[in-house]
Amino acid sequence: MLFRQLEYLVALARERHFARAAEACYVSQPSLSAAIRKLEHELGVPIVMRGRRFEGLTPEGERVLAWGHRILAERDALRQELSEMRGGLSGTLRMGAIPTALTSASLLTTPFCARHPRARVSLESLSSGDITRRLADFELDVAMTYLDDDTLVHVRKFPLYEERYVLLTPADGAGAVLGPEPAEKVSWAQVAALPLCLLAPRMRNRRIIDGCFAAEGVSADPAVESDTVAGLYAHLAGGRWSSVISHAWLHMFGVPEGMRVLPLRGPARGPRVGLVVADHEPGSVLGGALLEVAREAGVRDALDELLRSHLRRP
């Protein structure tokens, strides 16, 4: 049995299509199909349910896939330990992050690369469900996500910071709603009356913010919704819209020209964001190395100081 055969099987299970799996593995489709047939012959069991197209794995195939994930993870862990013994970690750290945490990921990846110059980072924007599945399947070393997410199972958690929500609004005071000199803190009811741009309802961050509006007996009716933080900021730069943002977004996007940050009165602190690693063996050496960096990075303090600096500006 070759590692390559197991890699082909993992790719096929992920892509659920022979041609796409072959493309992902940089081989021809006949080569991938032949390798999996050879694996079936060597193990003496049918692995793939074949028809006119890929129809899934047999029960035996599912078991082979599970062992395949573990065998490939053991191989990668061995390589990482040997590289560390030879003078430094190498290989690629596979990191996932929910979109709203992606904005602060560089606070970890930059010092990680400085400490381990032979290592590389592959960072993906993923849903919380994809993060849970890919950690379980040994396809991620570590992920940044909301730590109170119910879909997170069989993981170890390492808190980084709590989301803090502030109003990002045009510097002219948004007319009569806030006035030219708004109070020390703005209420969620005042924010609901502004022309708003928010994340889409399917995003966890938006559902949290909607709950904050509801706590004051109001609801937001944004004129513009986006499924990415970048898309939201692209509209804010025009100077017409306001938004409730997480303070972590300031690290990546800052405050657009002509806008200001105002604190909110009432619920302004959100859930914890942190790192998660799969609670199984073998553990990822690269994932463990990132956790060591995270313990010293001071992400919470860095983001809080960034927010304070923006709130002090006129």
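How many bridges join strand β6 to β12, and which way do the two run? I looked this up in a predicted model. I found eight bridges between β6 (residues 155–170) and β12, and the strands run antiparallel. As an example, I picked Tyr161, whose bridge partner in β12 is Val273.

Next I checked β5 (residues 142–146). This strand also pairs with β12 in the antiparallel sense, over four bridges. Here I noted Ala143, which has Val276 as its bridge partner in β12.

Then I asked myself how many of the residues of β12 are buried. For this strand (residues 269–278) I got eight of 10, so β12 is largely enclosed by the rest of the structure.

On to the rings. My search of the whole structure turned up three aromatic pairs. One of them is Trp188 with Phe213, an edge-to-face pair with 5.0 Å centre to centre and 90 degrees between the planes. Trp188 sits in helix α7 and Phe213 in helix α8, 25 residues apart, and the pair links these distant parts of the chain. I see that both residues, Trp188 and Phe213, are buried.

I also looked at Tyr233 and Phe253. Their ring centres are 4.6 Å apart and their planes are at 20 degrees, so I wrote this pair down as stacked. Tyr233 is in helix α9 and Phe253 in helix α10, so the pair ties together parts 20 residues apart in sequence. Tyr233 is buried at 6% relative accessible area, while Phe253, at 27%, counts as partly exposed.

Last, charges over rings. I found Arg204 over the face of Tyr146, 4.9 Å from the ring centre. The charged end of Arg75 sits over the ring of Phe3, at 5.3 Å from its centre.

Terms used
Residues numbered from 1 in each chain as written. Predicted model: local features only at pLDDT ≥ 70, side-chain atom pairs only at ≥ 80, totals over all residues. Heavy atoms only, no water. Buried < 20%, exposed > 50% of the residue type's maximum accessible area, 1.4 Å probe, protein only. Pairing = 2+ DSSP bridges. Phe/Tyr/Trp six-rings, centres within 6.5 Å; stacked < 30°, edge-to-face > 60°. Lys NZ or Arg CZ within 6 Å of the ring centre and 35° of its normal.
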